[in-house]
Amino acid sequence: MARDSASEPRDPLPGYLSGLDHAALVGLLLEAAAVDQELGERLRSAAVRAGLRKAVGTDPAASEAAVDAALRPVGPLDDPGARLYAEQIGAVVGVLRRILADGGADLVVRLAQQALERFGAAAVRADDSSGELSAIAGDLAELHLAACRESHPDVAELARWLAVRHLKVDQEDVPFGIDAYAQVLGDSGLDAYSSTLTIFWDQTEAAGDPALARRLEALHTTRGDIDALVAVLASDLGHPSRHLRIAELLAAEGRVAEAVDWAERGLAAAPDGRGPDALLLAFLAEHYGAVGRSDEAVARLREQFQRRPDHDAYLALAAAAPPDDRSQQREWALSELHRRAARPTTRSWENPASPLIEFLVADGDLDAAWAAARQYAVPHRALLRLAQLRVATHPGDAVPVYRQEIDIRIEEQSRESFQAAVGWIMRLGDLYRQLGTPEEAGRLVAEIRALHRTKGSLMTELDARGL
């Protein structure tokens, strides 16, 4: 029987605490905070946020001191600690927004830079599982950019700060890159930013550094300096995509001959055994005509088809060929595929005819695909797929393939395989009825029951389907 709420003993703690004087209550909380780490961190975080609120409207030195205090984590930056720290930085952002609204853009620029530096150093060791720190980093960076736009900062000093800041953190950790600051910096500021990065770039140990290269790429992209951008990209040509990017940049500027040269360099640089890069070949096929080398496009794409004989490679070849030559290219492609399909193999998993069959299926010629599959004795799974694709128009061709699938499924001897086998029995029965021989469906079931009468699970599945 539940007790009446009136008979419940009252919690004496609220009354006791309300009766304590201020000093005693403070002492009690300090004692509890010393024992309970989480409580201590929560109280310290609340204290620095309160200090921030009090600092608003006071002199800049007091605001700077309050911001400095709030930028210090009050404990380990595990998940709960990171959440508390995000609240502190959020309070900093709120205070700086109020200062900015009151006309203190210059102060906000300085304090936001201090905040970004301190926050960045702390965030690298934080557990940001909640994503709150990442979100507040974006708010802080947005506030800094807004303050820069409203103030009149020394652009050379700002540029150097941005350059050093960008070099200290990963590309992904800086919400706003140099492109966002371009209008604030102007040409002279961008020159200063470039000079700072170039000093690092010219150092032997820094040359080719990927993070530094990305910053220079962003700078030259912002300024539209294609030659400088190409020079940075060319410092690391370890992957064909670098040659391709250079070629695309030059082609977009109308410098097609140079673009073709870079793409060809990328092909020549391919490691032995890897073969040419498909995207580089496609680029060349598209641009050879503009430099009077249309015939080479077909030759390049034939080479690509031989290395990767799929339908997409053929379509690129056909598109590059003159209209009256496309049928000849198709005949060449098919002859190449037939040559491959006839190649002997000792690997049980390899199907040399697969590219030919996939090509014909993609081309919509299912009858030719079926003929090739029969000619080159492809594996059962490939034949089954073709039989399913053609069953509506050639049900008779599907009968022996479906029958083989039934046996394969039964031999796997699992509940799932028996269920699949019964499904194929029903499909084959439908084919027999479509072909006007419904009695064969009955014979099929009788044969299966006779051959596998000891397989109880299979018999159960047949009974469940009324077979």
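Keep in mind that this is a predicted model.

**Exercise 1.** Work out how the rings of Tyr85 and Phe119 are arranged, and which parts of the chain they join.

*Solution.* 
Step 1: Start with the distance. The ring centres of Tyr85 and Phe119 are 6.1 Å apart, and a pair needs centres within 6.5 Å.
Step 2: Now the angle. The planes are 20° apart; under 30 degrees counts as stacked, so Tyr85 and Phe119 are a stacked pair.
Step 3: Find the helices. Tyr85 sits in helix 5 (residues 79-101) and Phe119 in helix 6 (residues 105-123), so their pairing ties together parts 34 residues apart in sequence.
Step 4: Check burial, where the cut-off is under 20% relative accessible area. Tyr85 comes in at 1% and counts as buried; Phe119, at 5%, is buried too.

**Exercise 2.** Classify the pair made by Tyr402 and Trp424, then look at what surrounds these two residues.

*Solution.* 
Step 1: The centres of the Tyr402 and Trp424 rings lie 4.9 Å apart with planes at 70°, so this pair is edge-to-face.
Step 2: Tyr402 belongs to helix 21 (residues 395-412) and Trp424 to helix 22 (residues 415-434), so the pair links parts 22 residues apart in sequence.
Step 3: Tyr402 is buried at 5% relative accessible area, and Trp424 is buried at 7%.
Step 4: Look over the ring of Trp424: the charged end of Arg427 sits there, 4.3 Å from the ring centre.
Step 5: Skip the neighbours within four places in sequence, and Tyr402 still touches a list of residues including Leu384, Val391, Arg427 and Leu431.

**Exercise 3.** Find the buried residues of helix 14 and say which helices they pack against.

*Solution.* 
Step 1: In helix 14 (residues 278-287), the buried residues are Leu280, Leu281, Phe283, Leu284, Ala285 and His287.
Step 2: These buried residues pack against helix 12 (240-252), helix 13 (256-268) and helix 15 (294-307).

Methods: Residues are numbered from 1 along each chain as its sequence is written. This is a predicted model: local features need pLDDT of at least 70, side-chain atom pairs count only at pLDDT 80 or more; totals for chains, interfaces and linings use all residues. Side-chain values use heavy atoms; hydrogens and water are left out. Rings of Phe, Tyr and Trp (its six-membered ring) pair if their centres lie within 6.5 Å; planes under 30 degrees apart count as stacked, over 60 as edge-to-face and the rest as tilted. Helices (H or I, at least four residues) and strands (E, at least two) are DSSP runs, numbered from the N terminus. Buried means under 20% relative accessible area, exposed over 50%, partly exposed in between (1.4 Å probe, protein chains only). A charge sits over a ring if NZ of Lys or CZ of Arg is within 6 Å of the ring centre and within 35 degrees of the ring normal. Contact means heavy atoms within 4.5 Å.
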